[in-house]
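Subject: Structure for you to look at

Hello,

Here is the structure I said I would pass on. Please open it alongside this message and follow the residue numbers as you read.

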Amino acid sequence: MSTQEKLLITPAEWEVMRVIWANGPMTSKEIQEVLEKETGWKTATTKTFIGRLKVKKALSAEKEGRQFIYSAGVFERESVKEEITSSFEKVCNRKIGTYLNDYIETTTLSQQDILLLLESLESKLDDAPVEVPCQCLEGQCNCQDCQ
Ligand SMILES: [Zn+2]
């Protein structure tokens, strides 16, 4: 198991991280109060997720009086990037373009988002290979037949 896989945040843990990213350092009680209505989590449940996030170094804890104050140990943007990378590592490099396009087609993007994407794509076009090399294990994709 790579370090990256170990660090991946589960969907429930993401709920906790989003609260911390939005609000900055806070106690487990404050985190739970935000999530309680939506999730119905009890204090113990929230504390379990906080504990796991501490192990993953996604949260850090600092003791203040009798309670702990939790802060984000990872940036939201970096964490999202790791999630996306982890997803695309599961498929053949040659399919990434198609799957990214599938995602773009079904996602609402602002005009500014689209201009940013166009700019990135245009700057990549000149140096892009005609075909992306396959990195798959034999028997895990079909594209090795045509290599
Ligand atoms: Zn492949």
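Below is what was found, taken by topic.

Please keep in mind that this is a predicted model.

Helices H2 and H3

Helix H2 covers residues 11-23, and its axis comes within 10 Å of the axis of H3. The two axes cross at roughly 115°, and the crossing of H2 past H3 is right-handed. On the H2 side the contact is made by Glu15, Val16, Val19 and Ile20, and on the H3 side by Ile31, Val34 and Leu35. Of the residues in this contact of H2 with H3, six are nonpolar, one is charged and none is polar.

Salt bridges

Searching the whole structure turns up two salt bridges. One joins Glu13 and Lys56, with 2.7 Å between the closest N and O atoms. Glu13 is in helix H2, while Lys56 is in the loop between helix H4 (43-55) and strand S1 (59-64), so this pair ties together parts that lie 43 residues apart in sequence. Glu13 and Lys56 are both buried.

The other salt bridge is between the side chains of Glu33 and Lys29, at 2.8 Å from N to O. Glu33 has a relative accessible area of 46% and is partly exposed. Lys29 has a relative accessible area of 54%, so Lys29 is exposed, the cut-off for that being over 50%.

Two single residues

Is Gln32 buried or exposed? Its relative accessibility is 8%, so Gln32 counts as buried; the limit for buried is under 20%. Gln32 belongs to helix H3, residues 28-39. Apart from neighbours within four places in sequence, Gln32 is in contact with Trp41, Lys42, Thr43 and Thr46.

Val132 is found in the segment after helix H7 (111-125). At 36% relative accessibility, Val132 counts as partly exposed. Which residues does Val132 contact, leaving aside its neighbours within four places in sequence? They are Asn93 and Arg94. Val132 and Val74 are 58 residues apart along the chain, and 31 Å separate their C-alpha atoms.

Regards

Conventions:
Residues are numbered from 1 along each chain as its sequence is written. This is a predicted model: local features need pLDDT of at least 70, side-chain atom pairs count only at pLDDT 80 or more; totals for chains, interfaces and linings use all residues. Side-chain values use heavy atoms; hydrogens and water are left out. Helices (H or I, at least four residues) and strands (E, at least two) are DSSP runs, numbered from the N terminus. Buried means under 20% relative accessible area, exposed over 50%, partly exposed in between (1.4 Å probe, protein chains only). Contact means heavy atoms within 4.5 Å. Axes are lines fitted to C-alpha atoms, for helices over the stretch in contact, and angles run from 0 to 180 degrees between N-to-C directions. A crossing is left-handed if the near helix is turned anticlockwise from the far one by less than a right angle, and right-handed if clockwise. Ala, Val, Leu, Ile, Met, Phe, Trp, Tyr, Cys and Pro count as nonpolar, Asp, Glu, Lys and Arg as charged, and the others, Gly among them, as polar. A salt bridge is a side-chain nitrogen of Lys or Arg within 4 Å of a carboxyl oxygen of Asp or Glu.
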